[in-house]
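Here is a friendly walk through one model, from its confidence scores to its domains and a few loop residues. Have the structure open as you read.

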Amino acid sequence: MISLRDVHKVYKLPGGNTVRALDGVNLDVHAGSIHGIVGTSGAGKSTLVRCLTSLERPTFGEVRVAGKNMTDLSARDLREARRAIGMVFQHANLLDSRTTAQNVAYPLALAGVPKGQRHDTVARMLDLVGLADRGSSYPSQLSGGQQQRVGIARALADQPSVLLCDEPTSALDPETTRQILGLIRDVRDRLGVTVVIITHEMSVVRQICDSVSLLQAGRVVESGPIERVVSDVDSRLSHELVPTPEIPDGELADGAVVIDVALTSHPGQPAAAQVLSLAAERGADVAGGLFETLGTAQVGRLALTIPADQAPGVLTALREAGVTAEVRA
Ligand SMILES: Nc1ncnc2c1ncn2[C@@H]1O[C@H](COP(=O)(O)OP(=O)(O)OP(=O)(O)O)[C@@H](O)[C@H]1O
């Protein structure tokens, strides 16, 4: 549905210097999936959004959305192609002087959709986002979460095949975030729309993404389905999505060491209970741990403590069971 091939974006600064904001980005997002793009500040996320929506043309490379090569279109065709992309931002940026229904109708009016049809679509969209009874409310009468729902309804009104969400929950509290992410997933399930979420919050990726890419200094340095990314315990995304449990200073008994265990249970691989009993049989204690279900995989990180002289035996047993286990340095 979305593919970027060797996309570069170089900005020229007034003094003659250049900034390489995107440096050969390759990315594939499959139709109907929810793909997260994460990266620290300055990694190039906003530039990527602008290139995806063709608000800016890449300096080099190809951007394809819904079968169209966006880098190759005339201004008129580009305007039409951009209708395939609905945008949701951190703040809904609703028009304060217009009602909820009028806000949702706005992009339809711009696109020249006849009034009667607009009315039906707006009603359907407000129903979809759970605000069927708030069409005549003004933005100031809605909570932040409700305003974001209107933003999502507005983004979907013109039936885009892609919903591009740029930090959609960064301004929301955890409970509202959970609800909005649930709505985005629901919308994907019901409309089959492809979703790209730009975020700096790993919790967003954990909650709804099927696949994820890590952008760093203008390059995609890690990318893939969530299950695959977290299974690679050496990857940065794996560490950030399921962090290693911390053990507070002073909690480790004299002569004991910590063994870090990483496991991903798929059919045919050891499940958490098996690993725990194996560790317990050999006298290891669990000092900390967490388990997450990501996609179809159950991913666990455990910190075991054990007297140093017994560590080799536990390490061998765990590794024979197919689990990653290392003594913490
Ligand atoms: N219009 C521009 N002119 C010059 N440099 C730019 C421009 N837009 C972005 N940059 C530079 O490109 C790099 C990537 O910026 P970008 O805004 O895409 O990062 P980001 O990952 O979105 O960061 P943040 O999370 O802080 O928004 C930065 O070094 C930035 O200074």
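## Confidence and conventions

The mean pLDDT of the protein is 92, and 99% of its residues reach 70 or more; pLDDT is the predictor's confidence in each residue, from 0 to 100. The model scores ipTM 0.96 and pTM 0.90.

Since this is a predicted model, local features need pLDDT of at least 70 and side-chain atom pairs count only at pLDDT 80 or more, while totals for chains, interfaces and linings use all residues. Residue numbers start from 1 along each chain, following its sequence as written.

The protein is divided into domain 1 (2-238) and domain 2 (245-327), with bounds that come from an automatic or database domain assignment. Taken over C-alpha atoms, the centres of domain 1 and domain 2 are 38 Å apart.

How many residues of each domain are in contact? Eight residues of domain 1 are in contact with nine residues of domain 2, where contact means that the C-beta atoms of two residues, placed from the backbone, lie within 7 Å. On the side of domain 1 that touches domain 2, helix α8 (residues 226-231) gives the most, with four residues. That side of domain 1 divides into four nonpolar, one polar and three charged residues. Here Ala, Val, Leu, Ile, Met, Phe, Trp, Tyr, Cys and Pro count as nonpolar, Asp, Glu, Lys and Arg as charged, and the others, Gly among them, as polar.

## Two loop residues with positive phi

Helices (H or I, at least four residues) and strands (E, at least two) are DSSP runs, numbered from the N terminus. In the loop between α1 (45-52) and β4 (60-65) you will find S54, which has a positive phi of about 60° although it is not a glycine. Is S54 buried or exposed? S54 is buried because 20 other C-beta atoms lie within 10 Å; the cut-offs are 20 or more for buried, 12 or fewer for exposed and partly exposed in between, with C-beta atoms placed from the backbone.

A217 sits in the loop between β9 (211-216) and β10 (219-225). A217 is not a glycine, yet its phi is positive, about 45°. With 14 other C-beta atoms within 10 Å, A217 is partly exposed.

## An exposed glycine

G15 belongs to the loop between β1 (2-12) and β2 (18-29). Why does G15 count as exposed? G15 counts as exposed because it has 5 C-beta neighbours inside 10 Å. From G15 to V261 the separation is 246 residues in sequence and 51 Å in space, C-alpha to C-alpha.
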